[in-house]
Amino acid sequence: TGVNLTDLPLEVPENFTISTFTDKVTGARVLAGPDQLGNFWVSRTKEGIISSIQVNDQGEVEAISDIFTGLNNPHGLALDPQNGLLLYIAESDKISAVELYTEGTMETLATLPDGGRHFTRTLHFGPDNKLYVSIGSSCDTCIEENEKRASVWVMDKNGDNFMPYATGLRNAVFLANEPVYGDIWVTEMGRDGLGDNNPPDEINILKEGGDYGWPYCYGDQVRDNSFKKGEKEDYCTQTVAPKVKLQAHSAPLGLSFIPEEGWPEDMWLDLVVAYHGSWNRTIPTGYKLMHIRLNDQREVEGRQDFITGWLTEQGEKLGRPVDVLTMPGGVMYVTDDMRGSIYKIEYKKGEV
């Protein structure tokens, strides 16, 4: 097995090391960076704070500063791919942009429906250099009155052309660019109240104009019987089926494709997904990082636990992984909003 330098009983694969990058970011959710100066930015949603994490030449945390405070459930962060000093921020009710390390203030680019059951908004730059925003549903299952909810929207980076992109997504919290075909993959959480093993959580491939079925359908185009018979009876056959079905109530959040440089060959271009963990399952599940193996056609070839131990055999919850950031050179960062930590995972073949 690998090396665990944290104070948690984590199981780590051979040739990998996990350590605590910092444990001083309560409520850590989305991690962005490194920016042009080599620093990271983390949203602390419940705290209303976005903090900068200054890193020294050895890659260690030198200082943490709360730069933007008093925000409305800030969640999504995205650095402009063409300008590593321009940060985009999604609060529950709006999207803003701000020039880092200046006296500049946050400029609002778009407004969003505030609050609701799923109040986190996630930002993501697609391969087309447009900014995508995921807006969760206001409820578990209901007919939304606001068309922006339960969907992913897209806009130009200056805020122009703010348009719907995909609908019927109950809570597609995190997005990632697939490196082979250039699609955007998203994690998606299924509805509650249908038992321990139903419906599956999902990973979907975003298609422009795609309808993923919520609230009338769940899982693999299965019709939700909580709606009246005859209402949207054949609707589910026309919706987009999930790319990958996951254990119900795993609560998949961050997902990241593994680069080739510096990583073991049997992981190249595969997917690592953070399971935040169940809150309403008889026997808890999730609380781990999952490695999903993909072939050249991007079909699932297998899946295996990557790092486990945030859930003990006795069912005690020790942490909840959120965002996953993988980088060339065999380095991965994972946030944990329960512990207020960020973990650093390194591939060190021959060193460990």
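**Figure 1. The open sheet β7-β8-β9-β10 in the predicted model.** In this predicted model, four strands are arranged as an open sheet, in the order β7-β8-β9-β10, with antiparallel pairing. The edges are taken by β7 (76–80) and β10 (107–111); each has a single partner strand, so one side of each is left without a neighbour in the sheet. Neighbouring strands of this sheet are turned against each other by 25° on average, direction ignored.

**Figure 2. The pairing of β8 with β9.** Strand β8 covers residues 83–90 and strand β9 covers residues 94–99. Five bridges connect β8 and β9, and the sense of the pairing is antiparallel. Which residue of β9 stands opposite Ile89? The residue in that position is Ser96.

**Figure 3. The open sheet β15-β16-β17-β20.** A further view shows four strands in an open sheet, ordered β15-β16-β17-β20 and paired in the antiparallel sense. Here β15 (175–177) and β20 (244–246) stand at the edges; each has a single partner strand, so one side of each lacks a neighbour in the sheet. From one strand to the next, the twist averages 20°. Strand β15 is joined by three bridges to strand β16 (residues 184–188), and the two run antiparallel. Within this pairing, Asn177 stands opposite Ile184 in β16.

**Figure 4. The aromatic pair Tyr88 and Phe125.** A search of the whole structure finds 14 aromatic pairs. One of them is formed by Tyr88 and Phe125: the ring centres are 5.4 Å apart and the ring planes stand at 80°, so the pair is edge-to-face. Tyr88 belongs to strand β8 and Phe125 to strand β11 (residues 121–125), so that the pair links distant parts of the chain, 37 residues apart. Are these two residues buried or exposed? Both Tyr88 and Phe125 are buried.

**Figure 5. The aromatic pair Tyr216 and Tyr235.** Tyr216 and Tyr235 also form an edge-to-face aromatic pair, with 5.4 Å from centre to centre and 85° between the planes. Tyr216 lies in the loop between β17 (201–205) and β18 (217–218), while Tyr235 lies in the loop between β19 (222–223) and β20; the pair therefore ties together parts that are 19 residues apart in sequence. A residue is called buried when its relative accessible area is under 20%. Tyr216 has a relative accessibility of 10% and therefore counts as buried. Tyr235, with a relative accessibility of 16%, counts as buried as well.

**Figure 6. An aromatic cluster.** This view shows four aromatic residues, Phe16, Trp263, Phe306 and Tyr347. Together, Phe16, Trp263, Phe306 and Tyr347 form one aromatic cluster.

**Figure 7. The setting of the close-up views in the whole chain.** The chain contains 27 strands and zero helices. Its radius of gyration is 19 Å, close to the 20 Å that the globule rule gives for 352 residues, so the chain is as compact as a globular protein of that length. Taken along the principal axes, the C-alpha atoms fill a box of roughly 60 × 50 × 40 Å. Of the 352 residues in the chain, 59% are buried. The accessible surface of the chain comes to about 14900 Å², and carbon and sulfur atoms account for 44% of this surface. Among contacts between residues at least 6 apart in sequence, 50% join residues at least 24 apart.

Key
Residues numbered from 1 in each chain as written. Predicted model: local features only at pLDDT ≥ 70, side-chain atom pairs only at ≥ 80, totals over all residues. Heavy atoms only, no water. Pairing = 2+ DSSP bridges. Axes fitted to C-alpha atoms, helices over the stretch in contact; angles between N-to-C directions. Rg over C-alpha atoms; globule rule 2.2 N^0.38 Å. Buried < 20%, exposed > 50% of the residue type's maximum accessible area, 1.4 Å probe, protein only. Contact = heavy atoms within 4.5 Å. Areas by Shrake-Rupley, 256 points an atom, 1.4 Å probe, with all protein chains shown as cover. Phe/Tyr/Trp six-rings, centres within 6.5 Å; stacked < 30°, edge-to-face > 60°.
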